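Reader: I have a structure to read and some questions to ask. Could we go through it step by step?

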Amino acid sequence: MISIQSKLPHTGVTIFSVMSKLAEEHNAVNLSQGFPDYECDPKLLNFVTDAMLNGNNQYAPMPGLPVLRELIAEKVSDLYGANYNPDTEITITAGGTQAIFTALSSCINSGDEVIIFEPAYDSYAPAIKLLGGLVKPYELSPPNYEIDWEMVKKLFTANTKMIILNSPQNPTGCILSDKDIKALIKLTKNTDILILSDEVYEHIIFDNNKHRSIALYPELRERSFITASFGKLLHATGWKTGYCLAPENLMKEFRKVHQFNVFSVNTPMQVGIANYLKDKETYMGLSHFFQQKRDFFSSLLAETRFKLLPCNGSYFQCVSYAHLNQEKDTDMAIRLVKEFGVASIPVSAFYMKHTDHQVLRFCFAKKQETLEKAVERLMKL
């Protein structure tokens, strides 16, 4: 056998794949992986079908179809007052994760340090390591997962190249506050530090809170890649379509990488999404839609023995069981599948050191009957 030296020797299969496979094996209600179990809008499906039938089946332009980039520019301008040039500052990507990887690949070199906030989406650290970068994790703690920016400042060195943000955050559902933004502006002022802002849940935010997109702040926008996902926006995660925003000088480098690891993105999907997004109500009602689901799910969970943690955005509800036992969250998650038939994600999987606060994450982007069935089983704990 030919052997190679692994570039990620300590990385195995993602926890999402592990728990979904376990759920399938035990016929469990799968609230682990973050995808809906209901269909997207039939109008959207018709737009995509029509695009295919009308011959839109060859390569799209490398940055994405102009009409879709123009609609994104209009959306960002309307929501955040930020003007991105669709020709030079917006690129369509094969999902949010590809946008993140490409942004990192375009600027992280060997020895560059990247600050991430844990628990963190599990693609960040491996991507940084693949590029020869050094991950500088800042660990957040339940219940509120608040950031102490003075402690963050202590992570800064001459090699600090980037800070990765995620708001609303996966897995915690926390959001950045005005205080957080002011601290970030102060910390990065007069530096060359870049920001990668993962905003895939930008339209899923609750209780009249405001999404503080990095696009809102000129002093941050000039140093930032902003990534987003149509999968979250349109209830179609399997389409793997997203986009990246960045000032022209950063986007120029982004596209150098993008053209060689993806080149272009699924053409009929782009045509269909562009036609669908012409009606702005398709995404402006998402917060209300998911808040109803959050409130319904949390009202059911309140009858269980779990302690609910705050959820200000995303479609994930975290719960603590630390008051019940000190069982490792990985063991607890497996036991819930095998003994009670419900799959979750242990939040320690979102920490590099697998820090365990006895917290589990449930996805509530599900049908009402799915959530009812899951909680009916969890009541037996």
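**A buried helix, a sheet and a helix pair**

Author: We start with helix α11. Its buried residues are Thr267, Pro268, Met269, Gln270, Val271, Gly272, Ile273, Ala274, Tyr276 and Leu277. Keep in mind that this is a predicted model.

Reader: How many of the eleven residues of α11 are buried?

Author: Helix α11 covers residues 267–277. Its buried residues pack against α2 (42–53), α3 (66–80), β2, α9 (230–234) and α12 (281–284).

Reader: Which strands are the edge strands of the open sheet?

Author: The sheet is open and has seven strands, with mixed pairing. Their order is β2-β8-β7-β6-β5-β3-β4. From one strand to the next, the twist averages 20 degrees. An edge strand pairs on one side only, and that picks out β2 (90–93) and β4 (134–139).

Reader: Do β3 and β5 pair in the parallel or antiparallel sense?

Author: Strand β3 spans residues 113–118, and strand β5 spans residues 160–166. Glu113 stands opposite Thr160 in β5. The two strands pair over three bridges, and the sense is parallel.

Reader: At about what angle does α4 run to β7?

Author: Helix α4 (residues 96–105) lies across several strands of the model. They are β2, β5, β6 (194–198), β7 (224–229) and β8 (242–245). To β7, α4 runs at about 160 degrees.

Reader: Are α1 and α14 roughly parallel or roughly antiparallel to each other?

Author: Take helix α1 (residues 15–25) and helix α14 (residues 329–340). Their axes come within 9 Å and cross at roughly 20 degrees. Angles under 35 degrees count as roughly parallel. The two helices are therefore roughly parallel.

Reader: How many charged residues does the contact of α1 with α14 have?

Author: On the α1 side, the contact is made by Met19, Leu22 and Ala23. On the α14 side, Ala333, Ile334, Val337 and Lys338 make it. By class, there are six nonpolar residues, no polar ones, and the charged count is one.

Reader: What is the relative accessibility of Ser344?

Author: Ser344 is found in the loop between β11 (342–343) and β12 (345–346). Leaving aside neighbours within four places in sequence, Ser344 is in contact with Met19, Leu31, Ser32, Ala333, Leu336, Leu360, Arg361 and Phe362. Buried means under 20%. Ser344 counts as buried because its relative accessibility is 0%.

Note on methods: Residues numbered from 1 in each chain as written. Predicted model: local features only at pLDDT ≥ 70, side-chain atom pairs only at ≥ 80, totals over all residues. Heavy atoms only, no water. Axes fitted to C-alpha atoms, helices over the stretch in contact; angles between N-to-C directions. Helix = DSSP H or I, 4+ residues; strand = E, 2+ residues; numbered from the N terminus. Parallel < 35°, antiparallel > 145°, perpendicular 65-115°, else oblique. Contact = heavy atoms within 4.5 Å. Nonpolar A, V, L, I, M, F, W, Y, C, P; charged D, E, K, R; others polar. Pairing = 2+ DSSP bridges. Buried < 20%, exposed > 50% of the residue type's maximum accessible area, 1.4 Å probe, protein only.
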